[in-house]
Amino acid sequence: MTYAQPGQEGSVVSFKSRYDNFIGGEWVAPADGRYFENVTR
């Protein structure tokens with residue numbers, strides 16, 4: 001079976017442009033507001 005690349009029509013996987021940190025059971029933005037580049041895209 002062939003799958004579409006993430007972000008393309010028909011893809012079963014998608015990536016967000018930003019991810020927060022999961023701390024203490026909650027999603028928390030970085031304290032200084034800076035994010036790393038998402039290299040998986």
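User: Where do the charges sit on average?
Analyst: In the protein chain, the mean positions of the 4 positive and 5 negative charges are 4 Å apart. Lys and Arg count as positive and Asp and Glu as negative, with His and the chain ends not counted; the place of a charge is NZ of Lys, CZ of Arg, CG of Asp or CD of Glu.

User: What is the basis of these values?
Analyst: This is a predicted model, in which local features need pLDDT of at least 70 and side-chain atom pairs count only at pLDDT 80 or more, while totals for chains, interfaces and linings use all residues. Residues are numbered from 1 along each chain as its sequence is written, and side-chain values use heavy atoms, leaving out hydrogens and water.

User: How many helices and strands?
Analyst: The protein chain has zero helices and two strands, taken as DSSP runs (helices H or I, at least four residues; strands E, at least two) numbered from the N terminus. Its C-alpha trace spans about 40 × 20 × 15 Å along the principal axes.

User: How much of it is buried?
Analyst: Of the 41 residues, 5% count as buried. Buried means under 20% relative accessible area, exposed over 50%, and partly exposed in between (1.4 Å probe, protein chains only).

User: And Met1, buried or exposed?
Analyst: Met1 is exposed, at a relative accessible area of 87%. Met1 lies in the segment before strand S1 (21–23), and its C-alpha is 21 Å from that of Phe15, 14 residues away in sequence.
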